[in-house]
Amino acid sequence: MQFPQLRVLASAGLHLNALPDTVSQPAAGSIYDALTHYLRTTVRMAVALGVVIALAAWLTGPGRWATVVRQGWHAGIGAVRATADHAGMRCGPVGPFVHRHRGWITWTLVAAAVLTFILWSYPTGLVILCIALVLLFALALTEFLGENGTDRSPAPSGVREPPPW
């Protein structure tokens, strides 16, 4: 009976060659792959999580390049907000609310991302990357919606402002 070619690492070859001739090489290779598959995936997941955490720590720090990246982030989202404003999009009461509670919203989003990671049945590096990208998108949306209402010029006298609700 012919088995499909096994993905064997260098150390797997050493272990399989050390087995006696009475042991089935394909069966031993399958067992070895089954035992090391989760170890390899866990190492990849830990490296991806470490990179995401290190990048987040660096970006929130006081470094010069981190400050430049944050300023670019705010300027880019501000430009998108200005373009949307020019096109007539208004956030209504959502903008000032998001601006007032931005800290709580940000920490809630981060907590939701951490909880998603913890409750995921078997997180991989790709899952961690997707969670980080979704969190980044949600933070960008929060920044976009978080206008403080002072950027707009006051309404001309005699023109009534709509109620805030």
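**View A. Val 68, a partly exposed residue of helix H3**. Val 68 is partly exposed, with a relative accessible area of 41%, a value that falls between the 20% below which a residue would count as buried and the 50% above which it would count as exposed. The model shown here is a predicted one, and in it Val 68 has its place in helix H3.

**View B. The nonpolar patch on the surface**. Val 68 belongs to a surface patch of nonpolar residues, whose other members are Leu 55, Trp 58, Trp 65 and Val 69, and the accessible area of the five together is about 510 Å². Two elements, helix H2 (25-60) and helix H3 (64-86), each give two or more residues to this patch. Which of the elements gives the most to the nonpolar patch? That element is H3, which provides three residues.

**View C. The crossing of H3 and H6**. Helix H3, which carries Val 68, also packs with helix H6, residues 125-145, and the axes of these two helices come within 9 Å and cross at roughly 55°. The crossing of H3 and H6 is right-handed.

**View D. The packing of H2 and H6**. Helix H2, which like H3 gives two or more residues to the nonpolar patch, packs with H6 at an angle of about 25°, and the axes of H2 and H6 are 8 Å apart. Are H2 and H6 roughly parallel or roughly antiparallel? With this angle, H2 is roughly parallel to H6, since angles under 35 degrees are counted in that way. The crossing of H2 with H6 is right-handed.

**View E. The packing of H5 and H6**. Helix H5, made of residues 102-119, packs with H6 at an angle of about 165°, with a distance of 10 Å between the two axes. An angle over 145 degrees counts as roughly antiparallel, and H5 and H6 are therefore roughly antiparallel to each other. The crossing of H5 and H6 is again a right-handed one.

View F. How many of the 165 residues count as buried? The share of buried residues in the protein is 20%.

Terms used. Residues numbered from 1 in each chain as written. Predicted model: local features only at pLDDT ≥ 70, side-chain atom pairs only at ≥ 80, totals over all residues. Heavy atoms only, no water. Patch = residues over 30% accessible without salt bridge, like charges linked within 9 Å, V, L, I, M, F, W, Y side chains within 5 Å. Areas by Shrake-Rupley, 256 points an atom, 1.4 Å probe, with all protein chains shown as cover. Salt bridge = Lys/Arg side-chain N within 4 Å of Asp/Glu carboxyl O. Helix = DSSP H or I, 4+ residues; strand = E, 2+ residues; numbered from the N terminus. Buried < 20%, exposed > 50% of the residue type's maximum accessible area, 1.4 Å probe, protein only. Axes fitted to C-alpha atoms, helices over the stretch in contact; angles between N-to-C directions. Left-handed = near helix turned anticlockwise from the far one by under 90°. Parallel < 35°, antiparallel > 145°, perpendicular 65-115°, else oblique.
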